[in-house]
Amino acid sequence: MHPEVLVPIADGSEELEAVTIIDVLRRAGAHVSVASTAPAGRLEVTASRGVKLLADKHISDCRNEVFDLIVLPGGMPGAEHLRDSAPLTALLKGQFAQGKAYAAICAAPQVVLAHHGMLADKQATGHPGFQNELPQLKNDQRVVIDGNVITSQGPGTALEFSLALVEFLYDADKREFVAEPMVL
């Protein structure tokens, strides 16, 4: 069975994080749905450094889907756009209520997860520029896993974060299987 993973993207998402997450999880065999949160059902977004990303579908088409994991890339103003997406918020709150896994990197832990009350009683990390705003920060670690919540610091930790997601969804052997041909 292949885990079902949602990676929402928005105008201003951090492209290095988004692409790394998608790529590594697909290498592991996860079924990754990339969903745009852009207005009017638009699938193409312009990421934080001007790179154009094309989603598989729009977030509004994901409302009735079930995901094993929802992973949020950071970037600004991308994280704000993710935070303000009503369909994504409904999906995240559903994950939270069901005790299912969710993850975020860079600005997204604070801007999205903390904003929606999804980091209460959780250890987390995020981009150094946002760390003081996290409820319970564990800022000495590049990736923090607390139960069903995985957070990371930013573009420089995206590969480590993505491999931690692989290990979370599968196991350490799958992580090594994915990492080895990447020459890590």
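User: Where does Ile59 lie, and what do the element names stand for?

Analyst: Ile59 sits in the loop between S5 and S6. Names of this kind are DSSP runs numbered from the N terminus: helices are H or I runs of at least four residues, strands are E runs of at least two. This is a predicted model, in which local features need pLDDT of at least 70 and side-chain atom pairs count only at pLDDT 80 or more, while totals for chains, interfaces and linings use all residues. Residues are numbered from 1 along each chain as its sequence is written, and side-chain values use heavy atoms, with hydrogens and water left out.

User: Why is Ile59 called buried?

Analyst: Its relative accessibility is 1%. Buried means under 20% relative accessible area, exposed means over 50%, and partly exposed is in between (1.4 Å probe, protein chains only). Ile59 therefore counts as buried.

User: Which residues does Ile59 touch?

Analyst: Leaving out residues up to four places away in sequence, Ile59 touches Leu6, Ala35, Ser36, Thr37, Ser85, Pro87, Leu88 and Leu91. Contact means heavy atoms within 4.5 Å. Take Leu88: it is 29 residues from Ile59 in sequence, but 6.6 Å away in space, C-alpha to C-alpha.

User: What makes Ala40 exposed?

Analyst: Its relative accessibility is 85%, so Ala40 counts as exposed. Ala40 is in the loop between S2 and strand S3 (44-46). Its phi is near 60°, a positive value in a residue other than glycine.

User: Is Cys106 buried or exposed?

Analyst: Cys106 has a relative accessible area of 9%, so it is buried. Its place is the loop between S7 and helix H4 (108-114). Phi of Cys106 is also positive, near 70°.

User: How do you know which strands belong to the sheet?

Analyst: Two strands pair if DSSP finds at least two bridges between them. Seven strands form an open sheet, in the order S5-S2-S1-S6-S7-S9-S8, and the pairing is mixed. Strand S5 (57-58) and strand S8 (143-146) are at the edges; each has a single partner strand, so one side of each has no neighbour in the sheet.

User: How many bridges join S8 and S9, and in what sense do they pair?

Analyst: S8 and strand S9 (residues 149-152) pair over four bridges, antiparallel. Asp146 stands opposite Val149, and Val144 has Thr151 as its bridge partner. The two strands form a hairpin with two residues between them, and Gly147 in the turn has a positive phi of about 65°. S7 and S9 are also joined by four bridges, but run parallel. There, Ala103 stands opposite Ile150.

User: Which way do the S9 residues point?

Analyst: Val149 and Thr151 point one way, Ile150 and Ser152 the other. All are buried.

User: What angles do H3 and H5 make with the strands?

Analyst: Helix H3 (residues 86-97) lies across strand S1 (4-9), strand S6 (69-72) and strand S7 (101-105), at about 130° to S6. Helix H5 (residues 158-169) packs on the sheet and touches S1, S6, S7, S8 and S9. Its direction makes about 175° with that of S7. Axes are lines fitted to C-alpha atoms, for helices over the stretch in contact, and angles run from 0 to 180 degrees between N-to-C directions.

User: Why is Gln95 called buried?

Analyst: Gln95 has a relative accessible area of 5%, so it is buried. It lies in helix H3. Its contacts, leaving aside neighbours within four places in sequence, include Phe67, Leu69 and Tyr102.

User: What makes a set of residues a nonpolar core?

Analyst: The set consists of buried Ala, Val, Leu, Ile, Met, Phe, Trp, Tyr and Cys residues joined through side-chain atoms within 4.5 Å. The largest here has 35 residues, and Val5, Leu25, Val71, Phe161 and Leu165 have the most contacts inside it. Its largest share, seven residues, comes from H5. A second, separate core of 25 residues includes Cys62, Leu88, Ala108 and Leu113.

User: How do you know that Lys174 lies over the face of Tyr170?

Analyst: A charge sits over a ring if NZ of Lys or CZ of Arg is within 6 Å of the ring centre and within 35 degrees of the ring normal. Lys174 lies over the face of Tyr170, at 5.0 Å from the ring centre.

User: Where is the cis peptide bond?

Analyst: It runs from Met76 to Pro77, with omega near 10°. Pro77 is in the loop between S6 and helix H2 (78-83).
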